Amino acid sequence: GVLLKVSVRYWRGCKKLKAEDLGLKSSDVSSRLISLGHKRLLPKESTQQLALIESRAHSLVARAKVMRSIRAFFDARGFLEVETPAAVPSPGLDLHLSAFEVLGMRSDGAPAPRWLVTSPEYQMKRLVAGGLPRVYQLCRAYRADESGERHQPEFTMLEWYRGFEDA
């Protein structure tokens with residue numbers, strides 16, 4: 001790709017980077033094309049599309065900062081970040097939550113139904129019962145009946161558990 005300019009937006013203002021700021025020569029920069037990452041080339045005239053991409057990039061940067069802050073918060077308090085399976089053999093017992101069924105496979109090659117987790121609760125409680133005193137997880141969760149302006153069927157969930165505090 002060819003890079004024209006990169007813009008990094010902050011909550012207050014906008015800083016424009018030049019080719020030299022990124023270790024590139026001005027001769028490597030085209031005045032006709034803008035490249036974001038290595039995937040998309042946009043005509044210089046597509047400022048509306050560029051604004052949309054920049055706004056999404058800003059959201060991704062903000063999300064990454066939030067995720068780092070959450071991890072720092074729990075790490076500072078002695079919690080262990082864990083990762084549990086996304087596809088489980090049982091959809092859970094919550095009657096008000098509807099899980100997505102996916103096709104899994106047993107070790108002998110036979111099909112076995114699986115469900116995407118609506119929450120990592122059961123797997124994490126098993127870890128605490130197994131002896132891990134403080135665990136947290138930032139994971140994708142899936143709920144088939146969640147859809148609307150502010151709800152999506154796939155979303156990021158923070159779940160944490162602390163055990164053995166009274167022992």
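1. Contacts of T84. Apart from its neighbours within four places in sequence, T84 is in contact with P120, Q123, M124, L127 and Q137. The model in which these contacts are found is a predicted one. T84 itself is placed in the loop that runs between β5 (80–81) and β6 (87–88). Its relative accessibility is 15%, and since buried means under 20% relative accessible area, T84 counts as buried.

2. Which strand holds Q137? The residue belongs to strand β9 (residues 134–142). Q137 has a relative accessibility of 2% and therefore counts as buried. Its side chain reaches the backbone nitrogen of T84 at 2.9 Å. With neighbours within four places in sequence left aside, the contacts of Q137 are V82, E83, T84, P120, M124, M157, L158 and E159.

3. Is P120 buried or exposed? It counts as buried, because its relative accessibility is 1% and the limit for buried is under 20%. Residues up to four places away in sequence not being counted, P120 touches T84, Q137, C139, M157 and E159. P120 and W160 are 40 residues apart along the chain, and their C-alpha atoms are separated by 9.5 Å.

4. The second largest pocket. About 200 Å³ of space lies in this pocket. It is lined by 14 residues, of which V88, S90, G92, Y122 and Q123 are the closest to its centre. Which element supplies the largest share of the lining? Helix α2 (residues 121–129) does, with four residues. Sorted by class, the lining has six nonpolar, five polar and three charged residues.

5. L132 is found in the loop between α2 and β9. Its relative accessible area is 30%, so this residue is partly exposed; the class lies between buried, under 20%, and exposed, over 50%. Neighbours within four places in sequence aside, L132 is in contact with L80, L127 and F164. How many residues separate L132 and G163 in sequence? They are 31 residues apart, while the distance in space is 7.7 Å, C-alpha to C-alpha.

6. The segment after β10. E165 lies in the segment that follows β10 (154–162). With a relative accessibility of 42%, E165 counts as partly exposed. E165 and R134 are 31 residues apart in sequence, and the C-alpha to C-alpha distance is 9.6 Å.

7. The chain as a whole. The chain contains two helices and 10 strands. In what pattern do they follow one another along the sequence? The chain reads β-β-β-β-α-β-β-β-β-α-β-β. Of the 167 residues in the chain, 26% are buried; T84, Q137 and P120 are among them. Of the contacts with a separation of 6 or more, 57% are accounted for by residues 24 or more positions apart. The chain exposes about 12100 Å², and carbon and sulfur atoms supply 54% of this area.

Methods:
Residues numbered from 1 in each chain as written. Predicted model: local features only at pLDDT ≥ 70, side-chain atom pairs only at ≥ 80, totals over all residues. Heavy atoms only, no water. 1 Å grid on protein atoms, 1.4 Å probe; cavity = no way out; pocket = protein on both sides within 12 Å on 5 of 7 lines; lining within 4 Å. Points joined across faces, edges and corners; volume = space filled by probe spheres on them. Nonpolar A, V, L, I, M, F, W, Y, C, P; charged D, E, K, R; others polar. Buried < 20%, exposed > 50% of the residue type's maximum accessible area, 1.4 Å probe, protein only. Contact = heavy atoms within 4.5 Å. Areas by Shrake-Rupley, 256 points an atom, 1.4 Å probe, with all protein chains shown as cover. Polar contact = N/O pair within 3.5 Å; in protein donor to acceptor, adjacent residues only side chain to side chain.
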